[in-house]
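Hi,

Here is the structure I promised to pass on to you.

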Amino acid sequence: MEPTKELNELLTSTCEWLRGTGPENDIVLSSRIRLARNLSGYAFSERLEEARQRQLLDEVEKAVVSLPMLKDSYFFDYKNLKDLDMQFLLERHLISREHAADQGERGLAVSRNEVISIMVLEEDHLRVQVLQSGLNLIEAWRLVDKVDSALDKRLSYSFHESLGYLTACPTNVGTGLRASCMVHLAGLMMTKQVNKILQALSKLNLTARGFFGEGTQASGNFFQFSNQMTLGQAEEEIVDGLDRVMRQVIEHEKEARSHLVEKRRAKLEDQIWRAVGALKSARLMSSAETLGLLSLMRLGVDVGFIKNLSKKNLNALFLYMQPAHLQKLSSVTLKTAERDYKRAELLRTRLKDVELV
Amino acid sequence: MICNACGQNEATIHLTEIMNNQMVEVHLCESCAEQKGSDFKTHFDFNKLLASLSDIGVTGRDEAGEKLTCKTCSMSYEDFGRTGRLGCADCYRFFERVLTPLLKRVQRELRHVGKVPAKATGEMKWSVELRDLHERLKKCIAAETFEEAAQIRDRIHQLEERVKKSDKKQK
């Protein structure tokens, strides 16, 4: 049976990472840490027979629901979900593209505020993730460490004395930890400085990705920065390393923004005002165009050109304008062209009161 | 502008992708974009790339020319070359010879430092902690924080004693 009630609860609630309350939230949208874990006694997900997958899923579900910190969480068994539901969870950054597309038994545990989520039978048996608003990596690590230690008491992890936590892909072995930050680098994009940052990152063994993680496009001036290596460095060191680099990236972005405001004000105002104009009046709007325009609008809010728009409402639009959310909100299946119409309508309604300073 | 994929139709969809930490623009016509899905993947095959980093390449044969295979899950090294994913925890043992050069290239070190599961045996925990402590000791000496270095050294001695004792017990 489809868990309609649970999915609707998610749809109408604001997830923690979109509240826009975390530190440096004008530039850093969210901070995420995930741990890859596998259970001993089972082959890795891809080579596990369906009956054993079911066994593992049940074992994990039992462990998860018994954790006090995940007492009220949702547990989704994918056999009860439709493609649209999976797309919906993906848009909320609760699951990966691979997890949505894979076949076989799979599941997901999510805490009510969507801070903690655990993908079951992704590439690894468990992907334990914590998602926080703003630049909050240290706190995210503290929490994910706690969840992991609690699960460790109930499950038996696959661990090797010198290689650490064993993972299906050798690029995750060791700590199994991937820390990442989603940043909005509109200023650095406009001043054409982003490539410099991206190149510097690779020298520091950090990677840049698009809005939806691996293999996705960089759109709306959003980037995800994350650590590349997982073996040979303790968790705190990896997290601290990314945190330090992020602070520098933030400084550069701030400089770029003040340069734009001081030296290229007319041009910047023009771009932002045009974006607001289009968002408030267009009749058809594709998601790619919306993302670009919302990015400009976000910049407008951050530099103080726009009033009557809270960060929370603005962030919500990034979520609501995506295909699955749009369809869930309108409770009907929509084709691409119909979605573009609905999307424009949603934007006009929600941005009705927005004014320029 | 002509579509990058089919080279025939007018490109109407323009994507910016990040490849190797460089931004690259991709222009596609509507039908090619639809075929590839909205999540237009990077062009190079990550899995092949990964396998090629190991010295054995994608052939996966040992010195005797025999196919390398995991005795537990029967995955061959060729399979790993195709998917980039190992079959089970024991694959690390059976493919050690070819995985080590790969790990050297994609990872910082070959030894784990950091968290250890609570259920790991005492010795396993000690050995990870010992490595951790040796690392920290090196850093303290370099930074000339000798007081902390002395504390770390004491802890190392303590752990080494314990390891010795448990070794004796086992014998």
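Arg85(B) counts as buried, with a relative accessibility of 16%; the term buried stands for under 20% relative accessible area, exposed for over 50%, and partly exposed for the range in between (1.4 Å probe, protein chains only). Its partner in a salt bridge is Glu123(A), at 3.0 Å from N to O. A salt bridge here is a side-chain nitrogen of Lys or Arg within 4 Å of a carboxyl oxygen of Asp or Glu. The pair crosses between chains: Glu123(A) sits in the loop between β4 (116-120) and β5 (126-133) of chain A, and Arg85(B) in the loop between α3 and α4 (91-94) of chain B. Glu123(A) also counts as buried, at 18% relative accessibility.

Before going on, please keep in mind that this is a predicted model, where local features need pLDDT of at least 70 and side-chain atom pairs count only at pLDDT 80 or more, while totals for chains, interfaces and linings use all residues. Residues are numbered from 1 along each chain as its sequence is written, chains are lettered from A and ligands numbered from 1 in the order in which they are written, and side-chain values use heavy atoms, with hydrogens and water left out.

A second bridge between the chains joins Asp148(A) and Lys115(B), with 2.6 Å from N to O. Asp148(A) belongs to helix α5 (residues 137-154) of chain A, and Lys115(B) to the loop between α5 and α6 of chain B. Both of these residues are buried.

Now to the interface as a whole. The rule finds four salt bridges across it, along with 18 residue pairs in polar contact (both at pLDDT 80 or more). A polar contact is a pair of N or O atoms within 3.5 Å; within protein, one must be able to donate a hydrogen and the other to accept it, and residues adjacent in sequence count only if both atoms are side-chain atoms. On the side of chain B that touches chain A, the elements giving two or more residues are β1 (13-19), β2 (22-28), α2 (46-52), α3 (77-83), α5 (96-106) and α6 (122-143). The largest share, five residues, comes from α6(B). Helices (H or I, at least four residues) and strands (E, at least two) are DSSP runs, numbered from the N terminus.

In total, 48 residues of chain B are in contact with 59 residues of chain A, contact being heavy atoms within 4.5 Å. The area buried between the two chains is about 4400 Å², and carbon and sulfur atoms give 55% of that; buried area is the accessible area (1.4 Å probe) that two parts lose on being put together, summed over both.

As for chain B itself, it has seven helices and two strands, running β-β-α-α-α-α-α-α-α from the N terminus on. Of its 171 residues, 39% count as buried.

Finally, a look within chain A. Asp270(A) forms a salt bridge with Arg274(A), with the closest N and O atoms 2.9 Å apart. The two lie four residues apart in helix α9 (residues 265-281) of chain A, about one turn of the helix. Asp270(A) is partly exposed at 37%, and Arg274(A) is exposed at 59%. Elsewhere, salt bridges that share partners join Arg54(A), Asp58(A), Asp77(A), Lys79(A) and Glu105(A) into one network. Over all chains the structure holds 34 salt bridges.

Best wishes
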